[in-house]
Amino acid sequence: MTANYWDYVARRFGIMLLVVFLAVSINFALPRLMPGDPIENQLNQLMASGGGAMGDVGAMVASYRARFGLDQSIVTQYLAYWQSVFSLDLGFSLTNYPERVGDAILAGLPWTLGLLGFATLVSFTVGTLLGGLMGWPRSPRLLKSFGSGVLLLSSVPYFLIGMILLYFFAVVFRIFPAGGGMPFGMSAGFNLETIRAIAWHATLPLLSIIIAEIGAWAIGMRGMMVSVLGEDYIALADAKGLRPRRIFLRYGMRNALLPQMTKLAMALGHIVSGAILVEVIFSYPGIGFRLYQAIQSKDYFVVQGIVLLLSVSIAIAMFILDLIYPLIDPRIAKGK
Amino acid sequence: MGRFSSFAAELARNKTLLLGLLLLLTICLLAVLGPFFVDFANSRVGATIPRSPPTPEHWFGTDGQGRDMFTVMILAMPQTLRIGITAGLISLSVGVALGLVAGFAGGWVDTVIRLASDVMMTIPGIAILVLVAANVREMTVELMAVIVATLSWMVAARTIRAQTLSLRERGYVQVARLNGTSGLKLVFVEVLPNLLPFIAASFVITVSNAMLATVGLEALGLGPQNELTLGMTIYWAQFYGAIIRGMWWWWGPPILTIATIFVGLMLTSAGMDSFVNKRLGAN
């Protein structure tokens, strides 16, 4: 395992570095490829749209000029940009000036991480189990036809399901709140009441991601289960007279589960992209909603900062998952 | 002719594929023929009485700014489909070309193409799309298609590369090569026709991915500003709080249409999958 493993790690690490490099470079290059002075553009656009409290415009222009160093060579600018990325200095928000972009992101991050983490965990578990059962010949027919319905839902974007849930469970029947992360004006503390309020507000956004995502996991698992059940060792286990339950769990599920885990890394980008609009629909105070607000108010530096954070953190998360996989399934490092 | 009748027989057996194609056909017919039967003027702001629920004159009601929702839907459908299909075609061509080159050339060319597709798969597409869309002056249907395409060619490239690798070693390709068939002829005469089922299958997946990105961008308000699109309709409905205000006729039709398109694409893709794999098994 060792030599292969390190080859594999080096390859995955290289890909991660490339992605980070590309993400930062694209962030640097795009505004400069557009005609005109990026600062003038941004401020002019903002002025034209009459965007609220502008703060001290002069100070902002000065700060951006120094930051971009637009009179210097492009190489110097590029290096300076990397330096500011490394020191996590992403500049100021244009619409909520003196707020720093980094702080704006930090404020939204826990909400998004909680939403995504919980939704992914639940949908992965339920979807994998459902898919396994759908691929198992002895499962009741009712479960299979119910499962097919769930599979269809997986093709629909999360936010569409969110809109339907919002209408029925917050507008027609006022069971759940229509938006936000917790009741307006409530101060967060580490107590049962806060946790209950947060869970209450998160229910509908969570459900919209989970409902759509279960099917995606079930499809992959069903396919894997069917092909695993065709293996000789299943026939042998059957011939030995093992109980079906044992064959299903120990022989079927366990082997079909491994490729399923590797798909988790591939799915990350997809899940994050989908969750952005779910946050928008529910005005959920995470990164996605902040991104939407920034796009609307043309708060360019916040957009840039969030995009950079998303690309880099997904690259790192995928790398970490990639490191773990060969430990679970040695076949991965042996090459595809 | 024989090919057509065998396809028809396959459709009769493959209910999933049939249903998927029927759904897509319905949507496409509505999108192509619909605009001939509606009055464009009704899709302008202030054309009718705003916020009216469905009535005999306005089948889908009217939105908060007085647009007739039925007209809006009929006009928005072709735009969104155009972006999705154009983006799908561009990324399919790029993907097939790269997949063929990688599969045939091997060596460092293959390594570079594989690395590029791995990297592109890691980058969250919507993040880059948001950045580009936020930067361009004016978004158009064509520009949108190109941007979406640059981020969705990877599935096709991977599928075609894998199939090329296996086809390359088949007996008839080897025979043709030993007979002195030149490289290009080998690709276009011997290999490409046999890839057609896979190309068709990748096309459906590619269009589906492209549509997902397109609808998402439009719903974030980053789509073509001067055109009616399905996602843009949802953007405005969301912007004016149509859900909270109980105006289900405003956001219901675009949601149903988008859901139908995705379910149709998924059924077609699943149906094709069993079709393609069966052909492969028979060979």
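Which residues in H12(A) meet which residues in H5(B)? On the chain A helix they are A:Tyr300, A:Val303, A:Gln304, A:Val307, A:Leu310 and A:Ser311. Their partners in H5(B) are B:Ala127, B:Val130, B:Leu131 and B:Ala134. Contact here requires C-beta atoms, placed from the backbone, to lie within 7 Å.

## Ground rules

This is a predicted model, in which local features need pLDDT of at least 70, side-chain atom pairs count only at pLDDT 80 or more, and totals for chains, interfaces and linings use all residues. Residues are numbered from 1 along each chain as its sequence is written, while chains are lettered from A and ligands numbered from 1 in the order in which they are written.

## The two chains

Chain A has 12 helices and 0 strands, and chain B has 11 helices and 0 strands. Helices are DSSP runs of H or I with at least four residues, strands are runs of E with at least two, and both are numbered from the N terminus.

Of the 336 residues in chain A, 38% are buried. For chain B, the buried share is 47% of 283 residues. Buried means that 20 or more other C-beta atoms lie within 10 Å of the residue's own, exposed means 12 or fewer, and partly exposed is in between, with C-beta atoms placed from the backbone.

Now for contacts between residues at least 6 apart in sequence. In chain A, 75% of them join residues at least 24 apart; in chain B, the figure is 71%. The C-alpha atoms of chain B fill a box of roughly 75 × 45 × 30 Å along the principal axes.

## Where A meets B

The contact between the chains takes 43 residues from chain A and 35 residues from chain B. On the chain A side, helix H1 (2-33), helix H7 (158-172), helix H10 (244-281), helix H11 (287-296) and helix H12 (300-328) each supply at least two residues. That side has 36 nonpolar, 7 polar and no charged residues. For these classes, Ala, Val, Leu, Ile, Met, Phe, Trp, Tyr, Cys and Pro count as nonpolar, Asp, Glu, Lys and Arg as charged, and the others, Gly among them, as polar.

Back to the opening pair: H12(A) and helix H5 (residues 125-135) of chain B pack at about 160 degrees, with their axes 9 Å apart. Axes are lines fitted to C-alpha atoms, for helices over the stretch in contact, and angles run from 0 to 180 degrees between N-to-C directions. H12(A) and H5(B) are therefore roughly antiparallel. The cut-offs are under 35 degrees for roughly parallel, over 145 for roughly antiparallel, 65 to 115 for roughly perpendicular, and oblique for the rest. Their crossing is left-handed; that label applies if the near helix is turned anticlockwise from the far one by less than a right angle, and right-handed applies if clockwise. By class, the contact of H12(A) with H5(B) has 8 nonpolar, 2 polar and no charged residues.

## Packing inside each chain

In chain A, the axes of H7(A) and helix H8 (residues 192-229) come within 8 Å and cross at roughly 135 degrees. That makes H7(A) oblique to H8(A), and the crossing is right-handed. The residues in this contact split into 12 nonpolar, 2 polar and no charged. Among them are A:Tyr158 and A:Phe169 in H7(A), and A:Leu204 and A:Pro205 in H8(A).

In chain B, helix H3 (residues 69-105) and helix H9 (residues 183-219) pack at an angle of about 140 degrees, with axes 7 Å apart. H3(B) and H9(B) are therefore oblique to each other, and their crossing is right-handed. The contact includes B:Gly84, B:Gly88 and B:Gly95 of H3(B) and B:Ser202, B:Thr206 and B:Thr214 of H9(B). By class, this contact holds 14 nonpolar, 8 polar and no charged residues.

The largest nonpolar core has 161 residues, of which A:Met163, A:Val303, A:Ile306, B:Leu129, B:Val130 and B:Val148 touch the most other members. A nonpolar core is a set of buried Ala, Val, Leu, Ile, Met, Phe, Trp, Tyr and Cys residues joined through C-beta atoms within 7 Å. Leaving out residues up to four places away in sequence, B:Leu129 touches B:Ile147, B:Val148, B:Leu151, B:Ala213 and B:Leu217.

A:Ser283 sits in the loop between H10 and H11 of chain A. Its phi is near 45 degrees, a positive value in a residue other than glycine. With 17 other C-beta atoms within 10 Å, A:Ser283 is partly exposed.

Conventions:
Contact = placed C-beta atoms within 7 Å.
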